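Let's take a walk through this fold together, one pairing and one packing at a time. Keep the viewer open as you read.

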Amino acid sequence: MLKVATYCRVSTSSEDQLNSFERQMQMYNEEILLHDDWELYNSYYDKGLSGTEVMNRPGFLEMKEAGLNREYDILITREVSRLSRNIQHFYEFVRPLVKKNIQIFFLDDEVDSNMPDFETRVASLISHAQDESRKTSQRVKRGQKIAMQSGSVFGNSLLGYDLRDTKLYINQKGAEIVRKIFDMYVNRDMGIRQIKKALERENIRTMKNNISWSIKSIYSVLRNEKYCGDLVQQKTCTPDYLTHEKKKNSGMRIAIKNHHEPIISREMWNEAQKRLNSKSPSSTDCISNRYVMSGKIKCSECGKSFVSRSRKNRDGTVTKTWRCSAANTDGAKKANGIGCDNGKQIRDDVAMDMLYQSLGTLKLDNEYIIQNLLYIIRKSLKGSIDHDHKNIACYENELNKLTQKQLRILDMDLSGDYPKDMIAKKLSDIKMDISDVERKIYELKKCDDLACNYDEFEKDIAEYIKNLLCFKNAPDEYLRSLLKKITVYPDRTAKLELGNINKTWEFIL
Ligand SMILES: [Zn+2]
């Protein structure tokens, strides 16, 4: 007797009678009865409809394993496409079994592994199945797209919005946090890192009820267009119908303006995007270092950093003022230790002026720095002048040789002993060499003139360095690196410390 294994995929949908386990087993049993020498060895099956996710099919893997151990002689199943929709995978499965002399029957396709053109038939059946799978996949996507265009929302709830039946509803508690984040970023000039600290200090929990906020999550809140009422969908889709892997889809995006009730105003959202865009994409980590003074002004009372607030004046100019972040957020100190009594504020231009003044007192050293730099410049220039001189002598020597050679050729020509065309060729070659060397000498001499005039523009160089050293035009990052901190006291005094210099400057505000 030949041992027969059966394999079927069982539909999870109860109405799908044709694909029920009983229906399929009945079909297999009828087939077995048709052969006198067949007997049922085992029935393998997997649940679920999709034929594409092969790796999640324990029944399939068990059936394959048993076949490789030659536990059965014959395998019957219904369709090629139920085993695999990928030709590569199919061969990997079928060929080892056929090698073990197992005969495979596909009842619905009327194909069996004893047929001489078995693999060709299978290939054509699979490519047909792939077509069907692609069509289904496209149908599903088209349906989703239509639903999206009509404004249905797919995905999960987010901070500030609950998603129910593909519609967004404002979640008041979350919306309050969203407004707070935008307010801190846009109105209070706080960096993302400072916002994170503020949220954690106030014990505000994340969506997942965590006490700690990530920089990334705050960043994505500020970037999410849903908060100003817009909807942009289909950021990811499933273009690969074989692996069902989600891939980033940048091409197909559906945007609907004013799709749902906003949490924050469009102006505020736009302002946040403007600020986020003005930073390099990788700078979210140091996002609080937006100004020279960011994080550098400290409160003498609570030790917290000062935060800035910009106010537009009547004449259109903007005044930026710094104040203690604890006093700013929580007001005067309360019984539970929250807040700060230091109400002293300091204008940004005043703080910058303090920095310039402090740096200005270092002027005594400037002369020394300038002299040192000039010495280095002169020395390196002199080096290149010497080098050029050497080269000019070299080329002049070569020019001399070439001219003499040219004369010898002219002598040969006059003697009349040599063919005219040979002389002409030699003359044209040497002319080219001569003009080449002459050009090199000319260029070197030009550089030489420039270097000889160095004494004249040394004054300009000194002036330029001096300008740099008085810091007025220095880049912000450079100024930041020089400043250690400014401590502001409630009694209208401030102490400024420069980095690496053990000296403090005191100011009265
Ligand atoms: Zn304070």
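Our tour begins with strand E13 (residues 306-312) and strand E14 (residues 318-324), which run antiparallel and are joined by seven bridges. Strands here are DSSP runs of E with at least two residues, helices are runs of H or I with at least four residues, and both are numbered from the N terminus. Two strands pair if DSSP finds at least two bridges between them. Within this pair, Arg309 has Thr321 in E14 as its bridge partner. The hairpin of E13 and E14 has five residues between the strands, and Gly316 takes a positive phi near 95° there. E14 also pairs with strand E15 (residues 345-347), in the antiparallel sense and over three bridges. Here Trp322 stands opposite Ile346 in E15.

A word on what you are looking at: this is a predicted model, in which local features need pLDDT of at least 70 and side-chain atom pairs count only at pLDDT 80 or more, while totals for chains, interfaces and linings use all residues. Residues are numbered from 1 along each chain as its sequence is written.

Now turn to the open sheet of five strands, which has mixed pairing and the order E2-E1-E3-E4-E5. Strand E2 (38-47) and strand E5 (111-112) each have a single partner strand and stand at the edges, so one side of each is left without a neighbour in the sheet. Further in, strand E3 (residues 74-77) and strand E4 (residues 103-106) run parallel and are joined by four bridges, with Thr77 opposite Phe106 in E4.

Next come the helices, starting with H6. Helix H6 (residues 172-187) packs with helix H8 (residues 215-223) at an angle of about 90°, and their axes are 10 Å apart. Axes are lines fitted to C-alpha atoms, for helices over the stretch in contact, and angles run from 0 to 180 degrees between N-to-C directions. In this packing, Val178, Ile181, Phe182 and Tyr185 in H6 meet Ile218, Val221 and Leu222 in H8; residues are in contact if their C-beta atoms, placed from the backbone, lie within 7 Å.

H6 also packs with helix H9 (residues 266-277), at an angle of about 60° and with their axes 10 Å apart. Which residues meet in this packing of H6 and H9? Phe182, Tyr185 and Val186 in H6 meet Met268, Glu271 and Ala272 in H9.

How values were computed: Contact = placed C-beta atoms within 7 Å.
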